[in-house]
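The points are grouped by topic.

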Amino acid sequence: MGIFKNYTGNAMFNNALMTIESLGKLKSVEDITDDFLRKLYKDTDLLNLNKRLKSYTMLFTNNGLLHNSKSKDEQLYNDLMNEIIDSNDFEGDNICEISGLRFSKTFSQIYTDLLIRKGISEKEVSKKDTGINRNWYPLIGGLGSDAQALPQGKFAIQIHPICVFIMQFLPLSAFIYNRGILVVDSSNTMMAKRIIVDNQTELWKRIKATTSNESIENVKDFSKGHYILQAIKFLEEKELFDESYSDLNLWSFSNSGTGASCDIDRVPNSLIRKLIAIDKDSGLGNELKNILINTNLQYGFLEALEGNHEWHFLYPSVSGSGKKEIRYSGVSVKFLEVYFEQINNEKSIHYAKYIAGLIDLYKSKSFEKYLSEVSAWNRPEYRIDLYTVLLEATKNGQWSLKHHLQILDDRAGLPIKNNYYKLQKLIHYYYQKQHFSSDLPAIKNGDSSEVEKALTWIIGLVQEDQKSVMIIEKLKNRHKYKTVGYSDMLIRSVAFCSIKLEDIATVFYTDVLKLSHYGINELLHILYNQPELEIIISQELALSVANPSVGFLQGWFDTIEKFAIDYQAYYYAKYQHRDTKKEPIEKFKKLISSISLGTGSFMFWLREAIDNTNQFLANEKDVFNDRWTDEQLLYSPYGDLPYSFSKLAIKLILTQQAAREIIQNQIN
C-alpha cells in the first residue's frame, strides 16, 4: 500500500517526493511504499552520496551525523534511516504538520531507543539532541540545542519520521538558484514535477561522471529563464496552455547558520501565457530562448513583459567607444511587434510604422544627417524635426490633429505639452529598419482625452471670436503661430459664453501659474494647416478630473471679485448722471475694455483704481484704512507674482462684472 495518495501542501517536501519518483521511474506518488524506499536507499547508496554532495550541508547544515567533525557517525546515520523504515506506522495520536499522516512513535523516540540499544546510557542519551531540528528538516526550529528555535516556541514541531527519511533524497535533485537551494512549486504539479525530474536526471549524469571519492559540486548553471523555458516546453507538449492555470514559483533558501532564510521568484500564469504566445509565433522561439538564457537580459525582459512595459533591449544600442564599442542590434521586427501585442500596445506599433514612413517621405536634409545614428531619437532636435515632418504630412492630408493627439505622451495632462518622446524610440526603430506602413491608423469613436476636451474648447472660442480670421491666419503661418496669445480673446469671449478662471488656470497655466501655451499653438498650427476643417461650436469646458491646485486659488479669485464690486461702486458713484442718477453702465464697460494688458499701462491703471476705490470707501463707507493694495490683487497664494495671470484675472472679472450689469439693466 502506498504511503501517499497525493502531494502535500509543502513545496520542499513535494520536491523530495518528486525526486524519489524520478529516481525510481515511478508513475505516481502513490507508488511510494516502505519496501520501495528501503530498496531505493540501498540502490542509490544514499549515505555515501549525501557525504559527497555539497548541496547536502546547504540543506541540512554541517552539524548532522554525516558532516559534523566532532560527532560524525555514519553507522548511526545508516542505522537511524533503517530504523525509521522498519518502525514506520500510520496510526496514533500524532499528526504530521508536513504530510498530515498519523503516527505513534516520534522521531525522537526512535532516535532515543536506537541509542539505548547501542549501549548508551539513558543519562548520556538525555544530554543529546534527539529531536527534529534543522539538521534533519530544513528551516524548522527546534527545542534542543538548536539556536534557531523561535522565541515563542513551546512544543517541538510534529513531523512523521518517514518525512525525515524522504527528505534525505532531496539533495539528489537540488540545484543552486540565487545562491540558495532551489525549490520548485506550481499550481500545476505535473509541471513542477517535470522540472524536478529534469534536475534529478542532470545531477545524476554529473554524479556518474565523478569518481566515488570525489565531492559532487553544486549545480549553478541555470537561472530563472532556464526554468521558465522548461515550463513553456512542458505546457506546449501537453497542450495545456489554453485551458489550465499554471504559475511557477522558484524558491531559493538557505539553511545555514544564523542566516537561514528563503526568497521567492514568482512567475504568474499571465506572464507564462505571454511567453507561450511569443514562443508559438513562427520563428520567434530561438530569439526568445536566447533572451531567457542570457542572465544580462532575462530579468529586465521578464519584469517589463509582466508589467506591460517597453523593454529597453527591444531596441538597438551602442555602448563604449573606439575599440571598446559594443553594438547591440535589438530584436527582430516580428519579435518586437508580438511583444507589443502582449503588452496591449498595438496602437503604438501602428503609429510608429506609419510615422516612420512619413519621415522617409518628408525628412529635411538637416534631419537626414543624423537619422543614421542609433540614438538619434534621443536628440533634443528630434522632436522639432519630427514635428516639421508631421506638419508637411498634414498639408497633404496624410496627418491630422486628431491623429496627433493619439501620440502625445500625456493625453490627460494640462496644460498641454506637444511631446511624443515615449514614441520616438519606436518610430526611429522602424525608420532604421526601413519597415513602414502606408495605412493611417483609425481613431476609435468616443476616445476623448482631457487634452482633446481643452483643445475643442479653445477652438470653439477661436472660431466664434470677432477676430477669428486674424487669429487663424496667424496660427496657420509657420513664422507667426508661436506668437499667438489668448488673453484678449478670453476676455472678449465673455460676451458670448461663460468663462471660468479655474478653466483658464488649468488649461493655459502651470500649477504655479506660469504661462504655458506653446503646446496649444503647435497643435493648432497642425489643425489650421489641414486641407479640411471641422466647425466646432464653443461650449463650456467639462473636464473629467478637477485640478486640485485650482481650489487653493479660489480665495484669491474671490478677493479679486470683491475688489471688482468695490471698484464698480466707486465708478458708478462718480460718473452717474447728475440729474437722472442713471448709472454709467456702458461707460464702465468701455473703460474696462480699454484697459491694456501691457504691464506698464496696466499697473498705472491698477494703482490709480486702487487709490480711487480706497478713497471712495473712506468717504462713503467710513473705511479709513486702505481696504485694497496691489499685493492683494497681484500676488498669488503661493507668494509669487504671476503678472500674466494676475492681469488677465483682474480684467476678466471686471469684464464679467460689467457684462452682468448690462444684462441686469436690460431685464429691468
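The buried residues of α6 pack against α5, α7 (122-126) and α8. The model is a predicted one.

**Helix α6**
- Phe107, Ile110, Tyr111, Thr112, Leu114 and Leu115 are the buried residues of α6.
- After α6 comes Gly119, which has a positive phi, near 95°.

**Helix α5**
- α5 covers residues 74-86, and its 13 residues should span 18 Å at 1.5 Å a residue. The C-alpha atoms at its ends are 18 Å apart, in agreement with that value.
- Buried positions in α5 are Leu76, Tyr77, Asp79, Leu80, Met81, Glu83, Ile84 and Ile85.
- The cover over these buried residues includes α2 (34-43), α3 (46-52), α4 (55-60), α6 (107-117) and α8 (161-167).

**Nonpolar core**
- In soluble globular proteins, nonpolar side chains tend to be buried together.
- The largest nonpolar core here has 214 residues, and Leu248, Phe301 and Ile504 have the most contacts inside it.
- Beyond its neighbours within four places in sequence, Leu248 is in contact with residues including Val184, Met191, Ile195, Ile228, Ala231, Val267 and Ile272. Asp185, Ser186, Asp265 and Arg266 are also among the contacts of Leu248.

**Ser223**
- Ser223 sits in the loop between α9 (189-208) and α10 (224-238).
- The relative accessible area of Ser223 is 12%, so Ser223 counts as buried, the cut-off being under 20%.
- Its side chain forms a polar contact of 2.7 Å with the side chain of Gln298.
- With neighbours within four places in sequence left aside, Ser223 is in contact with Tyr177, Leu292, Thr295, Gln298 and Tyr299.
- Ser223 and Asn294 are 71 residues apart in sequence, while their C-alpha atoms are 8.8 Å apart in space.

**Asn418**
- The loop between α18 (401-406) and α19 (421-433) holds Asn418.
- Asn418 has a relative accessible area of 3% and is therefore buried by the under 20% cut-off.
- The side chains of Asn418 and His404 are joined by a polar contact of 2.7 Å.
- Not counting residues up to four places away in sequence, Asn418 touches Arg383, Tyr387, His404, Leu408, Gly519, Glu522 and Leu523.

Notes. Residues numbered from 1 in each chain as written. Predicted model: local features only at pLDDT ≥ 70, side-chain atom pairs only at ≥ 80, totals over all residues. Heavy atoms only, no water. Helix = DSSP H or I, 4+ residues; strand = E, 2+ residues; numbered from the N terminus. Expected span 1.5 Å × (residues − 1). Buried < 20%, exposed > 50% of the residue type's maximum accessible area, 1.4 Å probe, protein only. Contact = heavy atoms within 4.5 Å. Polar contact = N/O pair within 3.5 Å; in protein donor to acceptor, adjacent residues only side chain to side chain. Core = buried A, V, L, I, M, F, W, Y, C linked by side-chain atoms within 4.5 Å.
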